[in-house]
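Have the viewer open and follow along.

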Amino acid sequence: MTTDQITKTQDSLTAAKPLKDQVAVVTGSGRGIGRAIAETLMAAGAKIVISDINEETCNQTAKELCDLGGEVIGVRCNVTASEDVQKLVETVVAKWGRIDVLVNNAGITRDQLIMRMTEQEWQSVIDTNLTSAFKVSQPILKVMSKQRYGRIVNIASTTGVHGNFGQINYAAAKAGLIGLTKTVAIEYASRSITSNAVAPGFIDTAMTQAMKDEARNKILEKIPMQRMGTPADIANTVLFLCLPTSGYITGQTIEVNGGLYT
């Protein structure tokens, strides 16, 4: 998120602070889309837990958000390691006593054609992009259940909805994440806990910026809005699903893709 985008979001949310006194955990939030989500939830009044596998990035981002005036802690966490996840949850509960929002954003890519993909390339993406959401959600759902309130948002992908050339591992993981989202929604609706997914299209991040111009232009030709999405586009959709007023929306997958595939 740029400084201007942060300022505009903060200005629009300053008066209401709809997430005031709530605690939000965002995995993979040291940079990119995860960081934009954390900044936006912070602007809405939430206390933020920055979680990232890179400890330096995690702590630096937490410090920068604190400097912007938020209540923020950084907790280094490898979301594929159960012991790290348990420590994350224990640290947050010890600090603030509750967890109101969970955004499962951590993810990786290991793109390859199916005939060339190794088992390790397959499994690492499944572990990081799908299994980790189960590992993080399970203990946090216990906390939310006691509160009888919670918002879970899983960052899926249009690839998980439609598939994509050379991304069978990523597509399978994100499709599985959508199934996980729907099942949690069914199991926890009676406790006022919602579970939804946001499926980004092509977003202007470091990963897409590294693409060759020819590849980027081919993608842009398919997007009716004729632009890449921004991390702010994703963050604002996540915020909407995290609001107390969105309590009757659960089990849904919202594609944020500028009209791609429509």
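Is Gly30 buried or exposed? Gly30 has a relative accessible area of 4%, and because the cut-off for buried is under 20%, Gly30 counts as buried. Please keep in mind that this is a predicted model.

**Around Gly30**

To find Gly30 in the viewer, look in the loop between β1 (23–27) and α2 (32–43). Leaving out residues up to four places away in sequence, Gly30 touches Arg35, Ile50, Ser51, Asp52, Thr57 and Thr61. A handy distance check is the pair Gly30 and Asn129: they are 99 residues apart in sequence, and their C-alpha atoms are 16 Å apart in space. Asn129 will turn up again below, in the lining of the largest cavity.

Next, turn to strand β5, residues 150–155. Six of its six residues are buried, so β5 is largely enclosed by the rest of the structure. The cover reaches both faces: Gly150, Ile152 and Asn154 are buried on one side, and Arg151, Val153 and Ile155 are buried on the other.

β5 runs parallel to β4 and also parallel to β6. The table sets out the two pairings.

| Strand paired with β5 | Residues | Bridges | Example of facing residues |
|---|---|---|---|
| β4 | 101–104 | four | Val101 and Arg151 |
| β6 | 193–200 | six | Asn196 and Val153 |

What lies between β4 and β5 in their β-α-β unit? Helix α5 (residues 119–147) does, and the unit made by β4, α5 and β5 is right-handed.

**The cavity**

How many cavities of 30 Å³ or more does the count give? The count comes to one, and the largest cavity holds about 40 Å³ of space. Its lining is made up of Thr27, Asn104, Asn105, Ala106, Thr128, Asn129, Ser132, Ala133, Ile155, Lys174 and Leu177. Two elements, α5 and α7 (168–188), each give two or more residues to this lining. α5 gives the most, with four residues.

By residue class, the lining of the largest cavity divides into four nonpolar, six polar and one charged. Ile155 ties this part of the tour to the strand above: Ile155 is a buried residue of β5, and Ile155 also lines the largest cavity.

Key
Residues numbered from 1 in each chain as written. Predicted model: local features only at pLDDT ≥ 70, side-chain atom pairs only at ≥ 80, totals over all residues. Heavy atoms only, no water. Buried < 20%, exposed > 50% of the residue type's maximum accessible area, 1.4 Å probe, protein only. Pairing = 2+ DSSP bridges. Right-handed = clockwise from strand over helix to strand, strands pointing away. 1 Å grid on protein atoms, 1.4 Å probe; cavity = no way out; pocket = protein on both sides within 12 Å on 5 of 7 lines; lining within 4 Å. Points joined across faces, edges and corners; volume = space filled by probe spheres on them. Nonpolar A, V, L, I, M, F, W, Y, C, P; charged D, E, K, R; others polar. Contact = heavy atoms within 4.5 Å.
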